[in-house]
Amino acid sequence: MKHMMIRHALVAALCGGMTASAQNVPLVSAHRPVATATLAAESQVARVNGAGLSQSNLQHEMRSLFPYTDVHKGRVPGQYSAEVRQKALQQIIFDVLVHQEALRRKLTVSTTIFADISKQARSRFPSKTAYEAYAAQEYGSTRGFEKQLRRGILIALLVDREITQKARMTDAQVRQFYTANQKRFQKPESVWVQSISFNFPEKATPAQRAQARQRAESILPKAKATKSFEEFGQLAEKYSEDDWRIMMGDHRWLHRGRLPAAVENAAFRLKKDETSEIIETSEAFVIVRVNGKQATTRIPFSQVSKSLREDLEKAKLLNLRTQFEQQLRSRYKVEELP
């Protein structure tokens, strides 16, 4: 149903949760009711057409964006404070802009929608007394809570109309993007590699390098004689001097750019089940075995359609939100106060 997401988001926001659509674009913030122009100037953080947003509005939204304030003595840690404050400020300003635009358009909340969302909000509390206590603490009274709830519904409805609905992609649009961007959906050529490494220090002397090479040369015939992943892996566990030894030297599937150039060149030249000669890198002498090879292939549309749709809709949603906010800011006077 069209209003299902709106209902859940609003209830979560106004009853202490965080508010976000599936694409992480908030529908309505969880801050307290926006103050009027009569708010003391020193307690204001912004004004939208003369309507003031208070420091408490901002702090409430910051707590919503950073839900771990309880373990930080009720504050956002200093390293996150500036970023979280800016995001919170922009969100509460956006909410006021959308609310004022909804009023300008004379949008209304139907009795059915309001009753439905109000019922769900009350159902989150164990009793009527608990609900009324929360409403009084957070919003002054149940009437104040319902006023904020109605305001939130208006915001959510307009956001849904101007952003969420317009961001939806049809099957044809998703497939068209897939067809037009085929390189993006190519799985590159890759090899399944195991390795045995014989390390030497960063500023190794000729003697140290020679010692490492001797160790590699002593194992090379055994590595060449292996017939399986397991046999090579046992050698890696016993003799390799890098961290991959605990994985039987197994790097799994790798595409170009993931290995040192000398190792990569050798690995891609080898055939399946072949073992290399000794390969010298800047850090070690290496022996590799190739357990499999895969050519460049295109990932089928059926495998990427769901995630692709989500990515495209998310990008479109964020773009539409930015455009909508810019339109509103050009229509209404916004003052961000120091």
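# A walk through a predicted chain

Hi everyone. Of the 338 residues in this protein chain, 45% count as buried; buried means under 20% relative accessible area, exposed means over 50%, and partly exposed is in between, with a 1.4 Å probe and protein chains only. Please keep in mind that this is a predicted model, where local features need pLDDT of at least 70 and side-chain atom pairs count only at pLDDT 80 or more, while totals for chains, interfaces and linings use all residues. Residues are numbered from 1 along each chain as its sequence is written, and side-chain values use heavy atoms, with hydrogens and water left out.

Let's begin with the overall picture. The chain has eleven helices and nine strands. Helices (H or I, at least four residues) and strands (E, at least two) are DSSP runs, numbered from the N terminus. Now for contacts, meaning heavy atoms within 4.5 Å. Among contacts between residues at least 6 apart in sequence, 69% join residues at least 24 apart.

Next, the sheet. Strands of a sheet pair through backbone hydrogen bonds, either parallel or antiparallel. Here, four strands make an open sheet in the order S5-S4-S7-S6, with antiparallel pairing. Strand S5 (250-255) and strand S6 (279-280) are the edge strands, each pairing on one side only. For two strands to pair, DSSP has to find at least two bridges between them. How many bridges join S4 to S7? There are ten, running between antiparallel strands S4 (residues 190-199) and S7 (residues 284-294). If you want a spot to look at, find Asn199, which stands opposite Ala284 in S7.

Two helices lie across these strands. Helix H9 (residues 229-239) lies across S4, S5 and S7 and runs at about 30° to S4. Helix H10 (residues 261-269) lies across S4, S5, S6 and S7, at about 40° to S7. For angles like these, axes are lines fitted to C-alpha atoms, for helices over the stretch in contact, and the angles run from 0 to 180 degrees between N-to-C directions.

Now let's see how some helices pack against each other. Helix H7 (residues 171-180) meets H11 at an angle of about 105°, with the axes 10 Å apart. H7 and H11 are therefore roughly perpendicular to each other. As for the cut-offs, under 35 degrees counts as roughly parallel, over 145 as roughly antiparallel, 65 to 115 as roughly perpendicular, and the rest as oblique. On the H7 side, the contact is made by Asp171, Val174, Arg175, Phe177 and Tyr178, and on the H11 side by Phe301, Val304, Ser305, Leu308, Arg309 and Leu312. These residues divide into seven nonpolar, one polar and three charged.

Another pair is helix H5 (residues 128-139) and H6, which pack at about 75° with axes 7 Å apart. That angle makes H5 roughly perpendicular to H6. H5 brings Tyr131, Glu132, Tyr134, Ala135 and Tyr139 to the contact, and H6 brings Thr142, Gly144, Phe145, Glu146 and Gln148.

Last topic: salt bridges. A salt bridge is a side-chain nitrogen of Lys or Arg within 4 Å of a carboxyl oxygen of Asp or Glu, and the structure holds 21 of them. One joins the side chains of Glu101 and Arg331, at 2.9 Å from N to O. Glu101 sits in helix H3 (residues 78-104) and Arg331 in helix H11 (residues 301-331), so this pair links distant parts of the chain, 230 residues apart. Is Glu101 buried or exposed? Glu101 is buried, with a relative accessible area of 0%, whereas Arg331 is partly exposed at 48%. Glu162 forms a salt bridge with Arg105, with the closest N and O atoms 2.8 Å apart. Glu162 is in helix H6 (residues 142-167) and Arg105 is in the loop between H3 and helix H4 (111-123), 57 residues apart. Glu162 is buried at 15% relative accessible area, while Arg105 is partly exposed at 30%. Leaving aside neighbours within four places in sequence, Glu162 is in contact with Arg105 and Phe324. A network of salt bridges links Glu101, Arg104, Arg105, Glu162, Lys166 and Arg331.

Finally, Glu217 and Arg213 meet in a salt bridge of 3.2 Å, N to O. Both lie in helix H8 (residues 206-225), four residues apart, about one turn of the helix.

Conventions:
Nonpolar A, V, L, I, M, F, W, Y, C, P; charged D, E, K, R; others polar.
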